[in-house]
Amino acid sequence: MPHSLWLKAAGTAAALTLAAATAAHATPPTEPATTQNAAAVVTLRYDDSRAGGWEAAISAGVASWNQNVGNVRLVEAAPGTRAEIQIVATSGWPQATLGPVRPGGQVRVELGSQAVSQGHDKTRIAAHEIGHSLGLPDTKPGPCSQLMSGSSAGTSCRNAVPNAAEQARVESAYANGLVSLTPADGRTLVDSY
């Protein structure tokens, strides 16, 4: 092939490659700037097969986190598969292992009926204890607007939505699709709710 034809073919190939790469990475004009890259989302599985009576509260608590934090997705584990978050019902006070849990790691959430018998909201308890698994400590005492204020907000509090600071802290722990280099604390937060 003559040198001039080779250069023309190489230039055309390079232009096509550049155009394809540009098109593949172009953001549609209607897409919001805050859309998360699908590759940057950390998926954590939960197993609530031993949390009878808490199914609706767990579903609502999981939905609250999935709707308010963009880079972590909580999904129910398929039967027989390993889950990062083990959720069980107990007769005691709610408690959980402090995360952030990493994919492949494991933490435990205990949804205790003692708090419910004292008048606390099941959905708030479930969302709060899942928050511990995602790395959030208690913020007691605190107002109802802080999910991690737990029981200190009183029995009339039904808020199961993390506030902006709580959302940001979880987003930071799972930034860029990776869990922070800080390992899960591993402590069980007794009487954490």
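Arg158 is partly exposed, with a relative accessible area of 49%; the class lies between buried (under 20% relative accessible area) and exposed (over 50%), computed with a 1.4 Å probe on protein chains only. The model is predicted: local features require pLDDT of at least 70 and side-chain atom pairs count only at pLDDT 80 or more, whereas totals for chains, interfaces and linings use all residues. Residues are numbered from 1 along each chain as its sequence is written, and side-chain values use heavy atoms, with hydrogens and water left out.

Arg158 forms a salt bridge with Asp121, the closest N and O atoms being 3.9 Å apart; a salt bridge is a side-chain nitrogen of Lys or Arg within 4 Å of a carboxyl oxygen of Asp or Glu. Asp121 lies in the loop between helix 3 (113-117) and helix 4, and Arg158 in the loop between helix 4 and helix 5, so the pair ties together parts that are 37 residues apart in sequence. Helices (H or I, at least four residues) and strands (E, at least two) are DSSP runs, numbered from the N terminus. Asp121 is buried, with a relative accessible area of 17%.

By this rule the count comes to 3 salt bridges. Arg45 pairs with Glu84, with the closest N and O atoms 2.8 Å apart. This pair links distant parts of the chain, Arg45 being in strand 1 and Glu84 in the loop between strand 2 and strand 3, 39 residues apart. Arg45 is partly exposed at 30% relative accessibility, while Glu84 is buried at 2%. Arg108 and Glu110 also meet in a salt bridge through their side chains (2.8 Å, N to O). Arg108 has a relative accessible area of 35% and is partly exposed; Glu110, at 15%, counts as buried.

Ala83 is likewise found in the loop between strand 2 and strand 3, and is buried at 0% relative accessibility. Contact is defined as heavy atoms within 4.5 Å. With neighbours within four places in sequence left aside, Ala83 is in contact with Arg45, Tyr46, Asp47, Ala77, Gly105 and Gln106. The C-alpha atoms of Ala83 and Val107 are 8.9 Å apart in space, the two residues being 24 apart in sequence.

The largest nonpolar core has 33 residues, and Trp65, Leu74, Leu134 and Tyr174 have the most contacts inside it. Such a core is a set of buried Ala, Val, Leu, Ile, Met, Phe, Trp, Tyr and Cys residues joined through side-chain atoms within 4.5 Å. Two or more residues are given to this core by each of strand 1 (42-50), helix 2, strand 2, strand 3 (85-90), strand 5 (107-112), helix 4 (122-133) and helix 5.

In helix 5 (residues 164-173), the residues Glu166, Val170 and Ala173 are buried. They are on the same side of helix 5 because they cover an arc of only 60 degrees around the axis, the arc being that of the directions from the helix axis to the C-beta atoms. The cover over the buried residues of helix 5 includes helix 2 (55-68) and strand 2 (72-76). Ala164, Ala165 and Ser172 are exposed on the other side of helix 5. At the start of helix 5, a side-chain oxygen of Asn163 comes within 3.1 Å of the backbone nitrogen of Ala165.

How values were computed. A polar contact is a pair of N or O atoms within 3.5 Å; within protein, one must be able to donate a hydrogen and the other to accept it, and residues adjacent in sequence count only if both atoms are side-chain atoms.
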